[in-house]
Amino acid sequence: MSRREATLSALGIFVAALVVRAWAARALTFPRPADVAYYVGVARNLVEGRGLVSDALWSFQTQPLRFPRDAFEVWLPLPSFVAALPMLAVKSAGPMALDVAFRAAQGSSVLIGALVPVLAWRLGADVAAERQLPRGRARTLAIGSGLATAVYLPLLLHSALPDSTMPFAVLALGASLLMTRLVRDPRGARILDSRLLALGIVIGLAALTRNEAVWVAFVWALLVVTAKVTWAERARLIGVVAVVSLIVFAPWAYRDWAVFGSPFPGQAVANAFSVTGFDIFAWNDPPTLARYLAVGPARLLEMRGEGLWHNLWSVLLSLGLPISLIGFVALPWQARDRALRPVVLISLLTFLVTSLAFPVATTWGTFLHAAGPAHVLLVISALGALDAFIAWVGVKRGWTRPVAWLGVTLGVFGSALFSLALLPAFGGGSQFTATVYSALDERLTAMGIPQDQPVIHDFPIWLAETSRRPALALPDESPMDVIDLAKYFGARYLVSSDPDHGSWPDILDSGAPGADCFEEVPLGAPADPEIAEALESIRVFHLTCIQDSTVRVP
């Protein structure tokens with residue numbers, strides 16, 4: 001492939017991916033799921049001059065517990081830094097509305113997401129070169145990998161959502177491409193090799209995006225140890241990358257140490273000991289090893305089965321059919337290429353660790369946001385399988401004309417059709433959630449709840465970012481525990497929007513100790529049927545047993 005052809009191919013795929021992602025972004029009007037709202041909200045606060053803080057306190061395992069909450073006690077900051085850049089262009093003198101901040105942040109996610117198909121194209125070209133495919137088939141596999149990735153729903157959807165998914169995918173795929181080239185031609189492992197320095201920077205940035213960057217670094221060390229180089233070269237190959245990546249990450253580690261008392265994500269261990277997804281919101285009953293082991297071997301094994309199935313079906317396969325299924329079935333044959341080895345190892349390690357070590361937390365999104373490389377791997381695997389199948393049929397049938405384009409066309413068409421069919425449903429859900437929280441904010445204001453008084457809610461991030469009021473997560477614990485939480489922060493109201501949030505709000509009808517403290521406040525009957533539907537599941541409770549004298553605000 002000539003330099004000119006490569007440049008035009010990459011540019012064409014980038015433009016196509018950009019257009020498709022801009023269309024998808026228009027369909028999504030609200031930062032959903034809640035982690036998207038968190039990244040956008042922190043970025044908005046940063047642009048407004050408030051610093052790296054959030055008005056949502058959704059995790060109580062990391063001190064200090066205060067409002068505004070110092071951001072990123074669990075997650076990492078790079079997505080918010082990136083989202084803040086386009087917000088600077090729309091910044092005004094007053095507070096920035098959430099919809100304005102979200103639309104601006106989508107600009108960064110669309111641009112970053114459009115890089116993933118370009119990287120998939122490069123991976124496809126590397127695979128084709130390694131397999132020594134004829135020129136026409138090689139070009140088709142490479143371009144097809146890029147175009148199919150451009151319209152592949154799991155990647156398309158997250159490219160319209162400014163969270164950690166696409167930044168991590170870009171960095172992990174970029175690192176994989178660099179790893180392949182360094183292992184193939186280490187050039188004596190020179191300390192100032194630009195490829196080594198670039199890999200260190202990329203891994204450092206990945207560490208600022210998701211904790212799964214540790215597996216990217218581990219895969220690099222594994223590839224170097226098994227490479228045919230001297231031990232001195234191995235030391236330089238690993239050492240240079242490690243030093244550079246640590247230099248990139250060190251300022252953030254220092255910030256975490258200064259703010260939270262540790263440079264490490266302390267809640268990762270607690271997440272591993274979760275027995276239900278609601279444990280992330282625990283107040284008086286946090287996850288512990290003893291509590292975890294108390295569920296018994298049968299349940300512990302069952303949890304891992306649930307984690308594996310969730311990550312396989314719900315994350316990797318269900319939204320990418322039929323391409324995802326074809327790619328998964330073909331992986332044992334298609335993933336043998338050296339060009340794909342880093343991507344395969346990163347994807348496999350991330351899948352297994354999140355499924356087996358964090359089987360409960362992963363059902364709430366741990367693997368979902370680190371699955372970008374695995375999705376690209378499935379697309380390339382599927383197109384490689386379709387290419388090989390059509391070539392085999394051509395030989396059997398005695399075809400004289402090359403029809404390599406047929407497999408790619410099927411792959412791109414299948415991905416595009418699935419995206420066109422399902423994306424409107426995501427857009428509808430996004431708009432409905434926006435309507436819910438707009439109407440809820442109006443009702444809370446009409447009730448006279450002070451703007452600076454914390455409110456307990458089952459989706460605290462959405463409430464905090466739409467209403468700009470402090471919000472506390474609702475733990476799945478007893479009414480007495482929730483009363484204790486309210487006293488600690490001075491909250492007087494609890495808002496429930498999900499009738500299936502663990503035991504809440506049904507526990508208030510059970511006569512449990514402390515349930516009589518929660519007095520339901522009627523919301524009234526809105527005249528607008530759309531608003532009435534949005535508020536149908538909302539229940540507001542006033543905690544009548546809490547007075548100023550009982551509050552113990554930290």
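**Burial, salt bridges and cavities in a predicted model**

Colleague: At 25% relative accessibility, does Arg-299 count as buried or partly exposed?

Modeller: This is a predicted model, in which local features need pLDDT of at least 70, side-chain atom pairs count only at pLDDT 80 or more, and totals for chains, interfaces and linings use all residues. Residues are numbered from 1 along each chain as its sequence is written, and side-chain values use heavy atoms, without hydrogens and water. Buried means under 20% relative accessible area, exposed over 50%, and partly exposed in between (1.4 Å probe, protein chains only). Arg-299 has 25%, so it counts as partly exposed.

Colleague: Which residue forms a salt bridge with Arg-299?

Modeller: A salt bridge needs a side-chain nitrogen of Lys or Arg within 4 Å of a carboxyl oxygen of Asp or Glu. For Arg-299 the closest N and O atoms are 3.1 Å apart. The partner is partly exposed, with a relative accessible area of 37%, and is Glu-306.

Colleague: Arg-50 and Asp-55 meet in a salt bridge; what is the N to O distance?

Modeller: Arg-50 is partly exposed, with a relative accessible area of 34%, whereas Asp-55 is buried at 8%. Their side chains meet with an N to O distance of 2.9 Å.

Colleague: Are Glu-73 and Arg-69 buried or exposed?

Modeller: The side chains of Glu-73 and Arg-69 meet in a salt bridge, 3.6 Å from N to O. This pair is one of 21 salt bridges found in the whole structure. Both residues are buried.

Colleague: How much space lies in the largest cavity?

Modeller: A cavity is a set of points on a 1 Å grid over the protein atoms alone where a 1.4 Å probe fits but cannot get out; lining residues have an atom within 4 Å of a point. The volume is the space filled by probe spheres set on the points, joined across faces, edges and corners. The structure holds 2 cavities of 30 Å³ or more, and the largest has about 60 Å³.

Colleague: Which element gives the largest share of the lining of the second largest cavity?

Modeller: Helices are DSSP runs (H or I, at least four residues), numbered from the N terminus. Residues lining this cavity include Pro-154, Leu-155 and His-158. Helices H6 (153–159), H7 and H16 (372–397) each supply at least two lining residues. The largest share, 3 residues, comes from H6.

Colleague: How many of the 20 residues of H7 are buried?

Modeller: H7 (165–184) also gives two or more residues to the lining of the largest cavity. It is largely enclosed by the rest of the structure, because the number of buried residues is 17.

Conventions
On a 1 Å grid over the protein atoms alone, a cavity is a set of points where a 1.4 Å probe fits but cannot get out, and a pocket is an open set with protein on both sides within 12 Å along at least five of seven lines; lining residues have an atom within 4 Å of a point.
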